[in-house]
Amino acid sequence: MAEPAIKRNDESYKIVDEGIDKGIARLSPEKIEQVINKVLAAETGARLKTYVETCVHCGLCSEACHYYLSHDNDPKFSPAGKVKQTIWEILKRKGKVDPEFIRDASRIASTECNLCRRCAMYCPFGIDIAYLMSVVRRLCHMLGVTQLYIQDTAHSHSATLNQMWVKEDEWIDTLFWQEEEAQDEISSLRIPIEKEGSEIFYSVIAPEPKFRAQLIYQAAVIMNAAGVDFTMPATPGWDNSDQCMFTGDYEMMGRLKKAHFETAMRLKVKRIVMGECGHAFRSVYDVGNRWLAWKMPPIPVTHAVEFYYELLKQGKIKIAKKYDKPVTFQDPCNIIRGKGLHEKARYVVEALCEEFIEMHPNREHNYCCCAGGGVINTGPQYKMKRIKGNRIKAEQLFATKTRGAKVIIAPCHNCHGGIEDILHHHGLDMELHFLGDIIYKVMEKPV
Amino acid sequence: MAMHNLNTWDWETGKKLVVDTTKWKDMFGWIEEPYASPDGERIAAVVKTGDMEFSVCENDTPWQNTFDKIWYLKFGSDNRLTALVSDMGAWTVAVDGVAWENTFDFVWNTKFGADGKNITVAAQKDMEYFAVTNDIPWETRFSDLSNLTISHDGKRVAGVVPTVMIKQGDIFQFQEGCYSAVVDGKPWDATFVNLWGLAFSHDSEHVAAEVRTSLYDYTIAVDGVLWDKVYTSVWMPQFSPANGSVTAPVRIAGKWTLAQDGKPFWDRSFAQLWHHMYSPDGKKIAAVVATKYGRWTIAVNGIPWSLTFGDLITDAVFSPDGNRIACIGKEDGKWTIAVDGRAWGEKYDMVWQPVFSPDNRKVAAKVERNGHYTTVIDGKPLKKSYKALWNPVFSPDSKKILIKGIEGDPDDGKYFRQVLPVTDITG
């Protein structure tokens, strides 16, 4: 692998972000050195040391990265290149780096890496480079250098325990509203709130009540049609999302996950079923729970893809007429590489749709949407960077479209955000839907 | 904790049919899940009485008043039944079917004082937020209200509010601190980046809160005054019922321990420590702790049980004399009760918070297995299962137990109130 070329006239250096600028202005080399060494000593142990000492700089990870591939194999976008420009340098210099170095490190770790873990599969040693980038993000958080938009989201999490500044009454009112709307279609439909002892707590991310309330409507229709004993809480803790995991504010991440799981315990449910979100699954199933010392989720968590699989496999949902447009499927990183739900997802797609056309690569080798890992949450000024950083996804989708696919199914909110931008920018005329959208369209519904 | 006036309840041994809930199906087209009163004499459910017209059926009689929406049925410990109700979009609280006079744009989060006399809700009107107790709203209003908390006697109410107008997306203003605690409508003078769990002292005079003073510094504020030590995180504080000191779990160097008034209190630390609680006399503190990653137990005065669970521990409770502790534990997906460091032999699909007898000798709990519910005392089950069941209550002399349940066959759907000698279950 060639040495990473640092080109400061690159447009990615020109993005103005007040969160970064003001954060950098408050730094001094002394403060940086002190914070870095404190965090590295207290929070990184054998894992960081092992990864750093194991890497042989072979560069096999490069071909895994959508940023690298989309930037004509520019080595500075390769996973190893990003590590070299950030944590290796920090370790080599024992934290003696300047504020502009931290600016670059934040840019690389938070806007040029989606923590998608595709590279970990290409590394001969399985080094989790996403972890290394997360360490960089943690350092940036502790130094107060975070992109403004995602930091505002982290603030919302801290003040409301949800991602979108949704107030307690607004959340409950949204559930009532969606229940009432859905009752126009199914008069007996109910969204049971605070029903203790239900089998399932259905949890969502805050963008659903804020912007995509129809997803709550559709979930309610699916739950009612399938005869599922479910409830939704009237208290904070209903939101399973977690941008604090991505800013590196792990203390807040823990607080969010504690609220979520304790809500499930209070409601005496057997499990949590969550909507179609990837990053939230990573937080409840892997990262957030473990920060709190729960080895696994204390109340089992089932992602929507797996839940739909169960409902279809058990015949609880019947298909009135299969969806007739040719579809393809976007495998979201956090539930495919993170949980291995790819075959169950295909079972669901094939049960719902007449024609399924695979995109290539697929399953655990699928390319990231370039929105996940908190990257889309860094704000609109980074949108073009995301789009350019995922030209390979546009090519992948175009090739799939050429083979006949008209609809992309993506069971992840971040995938939707990223792919919508790619479709729009490249003029790719394809529809984009959640699995829930398709199920709602094709299922037999009670009246 | 709810304080029931048990001496006024019917403790005659025997089984009483309160109502056959299957009859509700003949009366109403829409019936929601039922709720039983603490004394077991009443069972109630939200029912639909007409097009967009709802009521609450108590035993065999619906409330006279109807509403266009009803939710959050809750019995107070004095057996009064509350519901949050909407009449033409105006929300309020109905108590035993009678709505409060004041109405709001929304109400939620009903809370009761220990004896049930004081009822508080969070309310929003014209996009302003406040609390309402016994139909009397706070005079001061805020742009939001969260963490609604009431004192033990229910006479005082606290919450977390923004005290300055927060400019959307202004992360720097946010980090200067925009939130405070409010007590009976009056905010503290100090503002913080965040506040979460609030706790009243046992005399209701003081309030402690977990706060964040920057993105990195967590500590405890008591009546707005910070502890002089900061931590990397904290959990909910508690006041000692014995001397009014304040304790809280605090995180130091990646480990959790208990601090008192800003000073180290327990001499050991854990992978996790939360939900600490005082014995009624204030002499003991117990907490849920993880002795190591993925192993959970109860620590009493800092000393953990040797028994641990892998999944979780929750709902710990002291006996009235403070000498015993019971909790819920979960291992490999199965739930059970643990008492004083020993687990019951049987495992269940779900268990509810255990209950001590007034004489401290027995522990009872509602449990679920294969969709059926029963009551277990000291690990021995009542040889009868129910379709729906409520938490058991011991008689004041600890010799009897009140079982409230809806039976399956042959009395399908019938709700019974039954008082049994404890020995009928324990042998």
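A: Of the 447 residues in chain A, 56% are buried, meaning that 20 or more other C-beta atoms, placed from the backbone, lie within 10 Å of their own. The model is predicted, with local features requiring pLDDT of at least 70 and side-chain atom pairs pLDDT 80 or more, whereas totals for chains, interfaces and linings use all residues. Residues are numbered from 1 along each chain as its sequence is written, while chains are lettered from A and ligands numbered from 1 in the order of writing.

Chain A contains 22 helices and 7 strands (DSSP runs of H or I with at least four residues, and of E with at least two, numbered from the N terminus). The C-alpha trace of chain A spans about 65 × 50 × 35 Å along its principal axes.

Within this chain, helix α6 covers residues 99-111, 13 residues in total. From first C-alpha to last, α6 of chain A reaches 18 Å, close to the 18 Å expected at 1.5 Å a residue (1.5 Å times one less than the number of residues).

Across chain A, 82% of contacts between residues at least 6 apart in sequence join residues at least 24 apart, a contact being two C-beta atoms, placed from the backbone, within 7 Å.

Terms used. Buried ≥ 20, exposed ≤ 12 C-beta atoms within 10 Å, placed from the backbone.
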